[in-house]
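Subject: Structure handover

Hello,

I am passing this structure on to you. Please open it first, then read the notes below.

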Amino acid sequence: MIPSKNPAWGDCEPNSDCGLAQIFDFSIYKNKIWFTEWVENNIGVVDTSVPLPFAIDLESKDITLKPGESKATSFIISSQKDIPQMSLIVSYPDNFLNATSTTTSPFKLDSTPKSVDVLITADDDAIPGTYKILLGSQIEDISISKYVTVNILP
């Protein structure tokens, strides 16, 4: 998924700066990924030779829960330089999963890595299966996130 400025194609608040690009097609040439945004009628490019300004490292990529159970996990945000304003990404698409963090957003990131604690909870009536929760951070034009796989047992 590629972020876009189109809030009509994402789980966004009105007039917010989020959304999805609705990729119609993409092509890779040398270090660049070219793509078309179907709804926005745009052509975009991701230059993979440009280093990203920060990194995300998950404590755990997989979590197993039973209905009604909670587990804590964390991820580390690190950067070589100070970032004056950064926002947190904690996204869970399923109604019976909940992910919360005590980190206040937006926040300032300096050259010291920041640990973000997240509590993942499955409702008492959670349906057994495998689900994904997206954790990460974003600045004005760049978001970096990774999925945590949540396995809910019967």
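Leaving aside its neighbours within four places in sequence, which residues is Ser-79 in contact with? They are Pro-53, Phe-54, Leu-109, Asp-110 and Ser-111. Contact here means heavy atoms within 4.5 Å.

Two notes on the source. This is a predicted model, where local features need pLDDT of at least 70 and side-chain atom pairs count only at pLDDT 80 or more, while totals for chains, interfaces and linings use all residues. Residues are numbered from 1 along each chain as its sequence is written, and side-chain values use heavy atoms, with hydrogens and water left out.

**Overall picture**

The protein has twelve strands and zero helices. Both are DSSP runs, numbered from the N terminus: helices are H or I with at least four residues, strands are E with at least two. Of the 154 residues, 29% count as buried. Buried means under 20% relative accessible area, exposed means over 50%, and partly exposed is in between (1.4 Å probe, protein chains only). The accessible surface comes to about 9,900 Å². Carbon and sulfur atoms hold 52% of that surface. Accessible areas come from the Shrake-Rupley method with a 1.4 Å probe; for residues, only the protein chains shown count as cover. Now take contacts between residues at least 6 apart in sequence: 52% of them join residues at least 24 apart.

**Back to Ser-79**

Ser-79 is found in the loop between β6 (70-78) and β7 (83-91). Ser-79 counts as buried because its relative accessibility is 7%. Its side chain reaches the backbone oxygen of Lys-81 at 2.7 Å. A polar atom of that side chain also lies 2.9 Å from the backbone oxygen of Pro-53.

**The core**

The largest nonpolar core has 27 residues. Such a core is a set of buried Ala, Val, Leu, Ile, Met, Phe, Trp, Tyr and Cys residues joined through side-chain atoms within 4.5 Å. Phe-54, Phe-75, Ile-77, Leu-97, Ile-120 and Ile-152 have the most contacts inside it. In soluble globular proteins, nonpolar side chains tend to be buried together.

Look at Ile-77. Beyond four places in sequence, its contacts include Phe-54, Met-86, Phe-107, Leu-109 and Pro-113.

Met-86 lies in strand β7. Met-86 counts as buried because its relative accessibility is 0%. Not counting residues up to four places away in sequence, Met-86 touches Phe-54, Ile-77, Ser-105, Pro-106, Phe-107, Leu-109, Ser-137, Gln-138 and Ile-139. Met-86 and Ile-142 are 56 residues apart in sequence and 10.0 Å apart in space, C-alpha to C-alpha.

Pro-113 sits in the loop between β9 and β10 (114-122). Leaving aside neighbours within four places, Pro-113 is in contact with Ile-76, Ile-77 and Ser-78. From Pro-113 to Phe-54 is 59 residues in sequence and 9.7 Å in space, C-alpha to C-alpha.

**Thr-73**

Thr-73 has its place in strand β6. Thr-73 is buried because its relative accessible area is 4%. A polar contact of 3.2 Å joins its side chain to that of Glu-59. A polar contact is a pair of N or O atoms within 3.5 Å; within protein, one must be able to donate a hydrogen and the other to accept it, and residues adjacent in sequence count only if both atoms are side-chain atoms.

**The surface side**

Val-46 is in strand β3. Val-46 is partly exposed because its relative accessible area is 36%. Beyond four places in sequence, Val-46 is in contact with Asn-31, Lys-32, Ile-33 and Phe-35.

Val-45 lies in strand β3 (residues 42-47) too. Val-45 is partly exposed, with a relative accessible area of 41%.

**Backbone points**

Which peptide bond is cis? The bond from Ser-105 to Pro-106 is, with omega near 0°. Pro-106 is found in the loop between β8 (97-101) and β9 (107-109). Lys-30 has a phi near 55°, a positive value in a residue other than glycine. Most residues other than glycine have a negative phi, and most peptide bonds are trans. Lys-30 is found in the loop between β1 (23-29) and β2 (32-37). Lys-30 is exposed, with a relative accessible area of 68%.

Best wishes
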